[in-house]
Amino acid sequence: MVDDLEHVEKQAGMRLDAASTVEELRAAETEVLGKRSALAGLHARLGALAPEERKAQGQLLNGARTRLSELAAERAAELRASERAARLEAERLDLTEVLPGPRRGHLNLVTQTRDELEDVFVGMGYTVSEGPEAETDWHSFEALNFPKGHPARSGFDTLYLDWGDPESTLLRPHTSPVQIRVMQSQPPPIYSIMPGKVYRKDTPDARHTASFNQIEGLVVDKGITFGDLAGTIEAFTGAYFGAGIHARLRPAYFPFTEPSAEFEITCAICAGAGCRTCSGTGWIELGGCGMVHPNVLAAVGIDAEAWSGFAFGFGIDRCAQMRHGISDMRILLDNDIRFISQF
Amino acid sequence: MRVPLSWLRDFAPFDLDPIALGETFDDLGMVVEGIDRIGEGLGDVVVARVLDVRAHPKADRVRITEVDIGAGPLQVVCGAPNVAAGQLVALAPVGAVLPGDFEIGRRKVRGEWSEGMICSARELGLGEDADGIMVLERDFELGSPLTAALGIEADVVYDLAIEGNRPDANCVVGVARDAAARLRLPFAIPAPTGRTGTAVVAELATIAVECPDLCPRFTARVVNGVTVGPSSALVAGRLTRAGMRPISNVVDASNYVMLELGQPTHPYDLDLLPGRGLLVRRADPGETLVTLDGVERPLSADDCVICDATGTPVGLGGIMGGASSEISPSTTSVLLEAAYFDPMSIARSSKRLNLRSEASARFERGCDPEGIDRASSRFFEILGLGEVAAGTLDVWQRPAPSPPVRVRTGRVNALLGTGLADDDVCSLLAPIGFMVTPVGDGLHDVVPPSFRPDATTEIDLVEEIGRHHGFSRIPRTVPDSPHVGHLTPYQKARRRLRDVLVGAGVSEAVSSPLLAPGDNERAGWAGALIEAVDPLAREESVLRASLLPSLLKAVARNASYRSPDVALFEIGKVFRVPAGKRGDLPDERELVGVALAGAGGGAAAAKQVLDVVLDGLRRPATLDASTASGLHPTRTARVLVGTEVIGHVGEVDPDVSAAFGIDGRVGWIELDLADLLPTENAYPRAVAVGRHPSSDIDLAFVVDDEVPAAAVAASVRAAAGDLLEDLRLFDVYRNERLGAGRRSLALRLRLQAPDRTLTEADVADVRRRCIDAVSEAHQAELRT
């Protein structure tokens, strides 16, 4: 029986080794370890043996069965691993050959710039106010201390519309009429910005387009000073353009503010050292500002002795131009997808 | 305005570095737009005589000259048309370095050697004349340095931009006064030396003013025995540096006084004035005048004309003189007009006639009626010859002095954020001409000088105090807003709309709402339009009534750059004439327009983008086949929220696309943001998600093409009831077997109950109800 067992175990081992797939192995396992296997046959013969002999032979048989089971498990692991390797190899994919799927669109650079500027001011406690682009002469000029015939009006090259009385309706040359509407519709304290499209009768060139985007700010509160104005401009230029960019104010003239100033910021190209862009001064002009003129407060019924305020304004497009190095502003209105998709 | 430093030094001892002085001007609001250094780099330029001029054998435009600088002839090639033998000229020899670091080398010009360059005034920085070489008028020793020969002193010329509220700073004296005050330097205007003869002006000429409203002050003085000739080197040099061309001693003196004191004057040849006098009146309508520039100008009754004593116009008051009484070489008697014209009238006339002059620019900003006498005296002093008649003809309705302006130190500090003392108010205002009288309690009575017509209220003086104190010295603070900064719900939703569109593959366009005539009509717009009055360019003269023309132009432009497959959106205003009564303003709306062009364009793509948009904004809407102007008649639907139409989705009419030069289908969405976006934040309530298994039913109905899929879906939805969790159309199928004009619509219903697992009977019941409802409502057949 021992000789038989050796033979059976050897044959069974060869049978398991010969299996080349997991399925074949399963069949071989049944064949060599199952109820009809040679090993089972030997087992059946144990009953005819004497008890002592039966015990010894039984141990030998169980030893062979354990070894064969281990061999089968080992073999199964090998086969599964090689089958997995083959399957994965067959699934190999070059991810750089994948065709492009749907692409995302791009927000216009002007919008991105406007949103970022809005966020800076929202963070400083401001609301965002809007108003009509086709405006009345009163909101655009008269309420802003520019009576009809005021020489400063000529600086605006206003586009009037064929609407109502002659020169009664216009495309707003600045977003200041929104300041008037805000002050008319809500009591101070007011902390608000007015972004939006404005229009000038300008021949388009590298620095001017007939319609462009501006952002103005208005604060009316108790005890607002020119120092508050200067500090606010410094704060927002630092927040938008980055630390190291400072602002300076230089006296200027606007009918709707007094004292008035133009504000310049550190030239971002040369960091203030002086270059061609800033004509060697280290400063770039950004916008205008000042303390809200008492006549403007009077026009909207705010007591100029009890309240004071400041206003400022500058070009959104110009901020984008400076930050992104745009040489010709006209490209902002070209809607050329090759430009839009750069941002 | 160009201001030479040497001239400023007549009034205050400015001896600081010219760059630092420029910064002072900037800081006072007189913006330095340029600094020219005169006489720099001229050390090598010498006086030379042109001995001979001959043609260049190979070039028509240039000639070969022989010049002598006292050391034998040199050959110099010269391109100036005015070079001639015998002239004394300025020569930059080989090795000279001219202003702008321009080094002169020995070089060949078309085969001929040139040993230097004969210079123009522009090349030397001595004037604007670049048309020809500078020819020296007087005899100088050959080879002598040009600077020594001409007495050129190095100088610095500032180009200053003066703001509209600073008429006082439109002259050398005004700039000097402002800067001297800031720099704490003594400032003085020397009194002109009076010099009059025996004649009395009243016996030599007359004046009369018929329109004192247009011309509140008019004066005339007379000088006899004048010889018209060139001005002194000092006067000519300063005018040149200030950017004016010297003409003759009389005209130059007038210009000199204007640049120095800001007061325009006008010299007439008294012998050419019929009646030997002047009459100031309103022009008669229909009257014309030939101005000094040779143009015949039609006048109106708002224009102030200066006439001779017989009433014939000889000039346009405060704007430009006429040719008839112009100073000429034979003039011997000069009548000098010095007047004050009403700023608003000058501005109106000058604008209407489109005629601006150095004089009108000053008058319209406001001159100093009290400064007239000083100006005419200064004129005679500069002229420096002839016999000045005693007295002044003067018609002046001198207004009563305005009451002083009350200035409160507390108010100044409250507005500026400064801590100025009462004394500071005085010490900052007095040096620039204000008379300040403290009246106690931090109050001051301030009398503005007559040359500051802009300073009439307390706030004007607050500005002057701040300006002279220095904006940069005011401590910077940031006010604390009592509000929480925020965007409105509408603004937030508009940003979300943009983001959703960008996510859906659409890029944002930004266009000018101003279109060319016909653009709206090409896009199918048939309604009234709003036009700009007197636009600069026809291409930007009509407001858009829809976003369609703007986006179609953008699509066409991209196609022309070989990007035909573009998906663009724009959020912007359109302007319409309201159907009913016109209000103060046009009907202005903010819309979103989406154009999907080229491959991937068309109505179906537009509908898919619309679905994403409506989902992104949580704004359920329904569609209703219908067209609109410019859109495809059979591939367009109205978008409704409830019963309200908020816009359209579909495709652009092929004729419209073609009119914009676009091939292929263009998908289109246009929605009114006022209807699309919320005005209040809406926060959807959470709905519990079912935990029990759901069941799906697929139903395919064959219906006529006239039956909208949405109608079939609506019937299913109604019939399925509360168990319906989701319904989607997943297949549309046409073939011959179904027959022409019919199609199969396959719908998948997902059913779920919140509290139990559905039974087969539940599902069968819903299925039956849906089939019955659709069959009955739409003559549909269930496809099996």
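**Close-up 1. A:N145 in a loop of chain A of this predicted model.** A:N145 is found in the loop between α6 (137–140) and β3 (159–160) of chain A, where helices (H or I, at least four residues) and strands (E, at least two) are DSSP runs, numbered from the N terminus. The phi of A:N145 is near 70°, a positive value in a residue other than glycine. Most residues other than glycine have a negative phi, and most peptide bonds are trans. With 18% relative accessibility, A:N145 counts as buried; buried means under 20% relative accessible area, exposed over 50%, and partly exposed in between, computed with a 1.4 Å probe on protein chains only. This is a predicted model, in which local features need pLDDT of at least 70 and side-chain atom pairs count only at pLDDT 80 or more, while totals for chains, interfaces and linings use all residues. Residues are numbered from 1 along each chain as its sequence is written, chains are lettered from A and ligands numbered from 1 in the order in which they are written, and side-chain values use heavy atoms, with hydrogens and water left out.

**Close-up 2. A:N335 in another loop of chain A.** A:N335 lies between α10 (316–324) and α11 (337–340) of chain A, and its phi is near 55°, again positive in a residue other than glycine. At 3% relative accessibility, A:N335 counts as buried.

**Close-up 3. The aromatic pair A:F141 and A:F146.** Rings of Phe, Tyr and Trp (its six-membered ring) pair if their centres lie within 6.5 Å, with planes under 30 degrees apart counted as stacked, over 60 as edge-to-face and the rest as tilted. By this rule the count comes to 19 aromatic pairs over all chains. The ring centres of A:F141 and A:F146 are 5.1 Å apart and their planes stand at 70°, so this pair is edge-to-face. Both A:F141 and A:F146 are buried.

**Close-up 4. Two cis peptide bonds in chain A.** The bond from A:P188 to A:P189 is cis, with omega near 0°, and A:P189 lies in the loop between α7 (176–185) and β5 (190–199) of chain A. The bond from A:E258 to A:P259 is also cis, with omega near -5°, and A:P259 has its place in strand β8 (residues 257–266) of chain A.

**Close-up 5. Helix α4 of chain B.** In helix α4 (residues 172–182) of chain B, 11 of the 11 residues are buried, so the helix is largely enclosed by the rest of the structure. α4(B) is followed by B:R184, whose phi is positive, near 55°.
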